[in-house]
Amino acid sequence: MNMMVVGCGPTGCSLISRLQAEGHEVSALAETAADLELLRTTLGADMPGLSRVGRAIDVDVLRAAGIESMNAVAAATENDNVNVMVCEIARKVFGVDRSVAVLHDPVRRDVLQKHLGLRAVCSTSLAADALAVALEGNLSPRQLTLGSTTVSFVPVKVTRKLAGKPLAEFDKPKGHVVFGVQRAVGDFIAASDFCTLLSEDDLIILWRVAD
Amino acid sequence: MSLCVFGSAAPGAGDYFTIERQKNIMRVCIIGAGKVGFYLARTLLEHGAAVTVIERDPQLAERSANQLDIPVINADGTSLQALVQADLGSCDALVAVCGQDENNLVACQLAKSAFGVRTTAARINNPKNAPVMEQLGVDIVVSGTSMLARELERLVETDGSVREVLSLAGGQASLYEMLLPEQFPLAGQTLAEAQLPHSFTVVSITRGEELIYPHGDTRLLPGDRMVCFSREDVMNELCDVWSMKNRGGSKAEKSSTQTIASLLKHPFAHEE
């Protein structure tokens, strides 16, 4: 697919490198020459064929970066409002099917998503979620994005105290739903059967909405 | 984020709003208290509107609060908290006049979609954003740069140019000022002989220093400065026929603080 990434800060850079690794044609729009230089140093030989420097909310700059032939646009500058405006221009002026904005303010994200139908990822919520998981001492979670919502799957080790007891006795943390049990022996049991007896070193997989 | 409110009305902001609402007067929230925001607030207050200002810079916020004696919220005007505190839901209009187009857009979109504000106006710094902002749902788009350009154009005005002075009835018709060219096809004819189209009315003619109130026997001469009232399409056709140049500019793109004030008054005209 043809994808455009607006904003080549740390987020934009790693997004571009990932999209290219997955085989997409990427166009990069950096807001400053320094950002473009960062992208060049990060990507080296994998520098996208189409890369521009310019003001992100300028329709002519967006056009020069090829927005008219894009299947998807991600706005990942440091400025929430610039990202909103880029996505709005992509959607309503250029008719791009899929656009997503990075927003730092979770309140703004919720409001704009609800009222404008803007697709946005909140970097603050995602970081907070990862930090909470790390602080709570769980194993590293996996994230899955469904629509514009990100779901976290959090594995929790079965303690000695819980070994031999059924899954129903597991006291799950607030806001989490039990997804299933990853047995120490390797197989996975979905959470439909709460009579499943737990063994030590099994992993109970919980999920929750992260963003 | 903590929001502080400046101004004498600040402690009893709730009472202030209640009293103003009872009077059934226009309530306007202005985002940005720079030069444009400050003078706009002052103009609207003179017109009897209730004005609330949101400004991020503490010094600018304080200046407006002290000099205008109105509630000024010192916060980011695109944050939900600030807009809630400004009681935006009860405002008739929101005007965003910050220095950044993206902030003005987001403020207008939040006002319209989350607070149901009927009229939104935004100042744009890049004239290219005028059609974009309109397409994204901003009702009134104002460009300082275009305004300046049009004024400068007027200074170097040549023969045969036409300028839109005032747009009326949502752009259906306008007041135009035109300078009749040397090769004006109807030169020497009276207005009666000229048989001008139905939706085209000559309002005044200035010949040198003389102001003429036009009648059927008034003759049209090259060099006359003619003010006329016309439908836009009729004007465009006449410009083609008379080989004159219409310098109208974008329809929704208006200029100056005064214009925003008068445009804002318009939606309430039906109500009262």
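This is a predicted model: local features need pLDDT of at least 70, side-chain atom pairs count only at pLDDT 80 or more; totals for chains, interfaces and linings use all residues.

User: OK, which order do the strands of the open sheet in chain A have?

Analyst: The 6 strands follow the order β3-β2-β1-β4-β5-β6, with parallel pairing; strands here are DSSP runs of E with at least two residues, helices are runs of H or I with at least four, and both are numbered from the N terminus. Two strands pair if DSSP finds at least two bridges between them.

User: And which strands stand at the edges?

Analyst: Those are β3 (50-53) and β6 (120-122) of chain A, and each has a single partner strand, so one side of each is left without a neighbour in the sheet.

User: How many bridges join β1 to β2 there?

Analyst: Strand β1 (residues 2-6) of chain A is joined by 5 bridges to strand β2 (residues 25-30) of chain A, and the two run parallel. Within this pairing, A:Val6 has A:Leu29 as its bridge partner in β2(A).

User: Switching to chain B, where do the residues of β5 point?

Analyst: In strand β5 (residues 93-96) of chain B, B:Ala93 and B:Val95 point one way, B:Leu94 and B:Ala96 point the other way, and all are buried, where buried means under 20% relative accessible area, exposed over 50%, and partly exposed in between (1.4 Å probe, protein chains only).

User: What stands opposite B:Ala93?

Analyst: B:Val28 stands opposite B:Ala93 in β5(B), and strand β2 (residues 27-31) of chain B is joined to β5(B) by 4 bridges, running parallel. In β6(B), the bridge partner of B:Ala93 is B:Thr119.

User: Why does B:Phe229 count as partly exposed?

Analyst: B:Phe229 counts as partly exposed because its relative accessibility is 32%, and this residue lies in strand β12 (residues 225-231) of chain B.

User: Last one: is A:Val107 in a helix or a strand, and why is it partly exposed?

Analyst: A:Val107 is found in helix α5 (residues 106-116) of chain A, and A:Val107 counts as partly exposed because its relative accessibility is 35%. The C-alpha atoms of A:Val107 and A:Cys122, which are 15 residues apart along the chain, are separated by 9.4 Å.

How values were computed:
Residues are numbered from 1 along each chain as its sequence is written. Chains are lettered from A and ligands numbered from 1 in the order in which they are written. Side-chain values use heavy atoms; hydrogens and water are left out.
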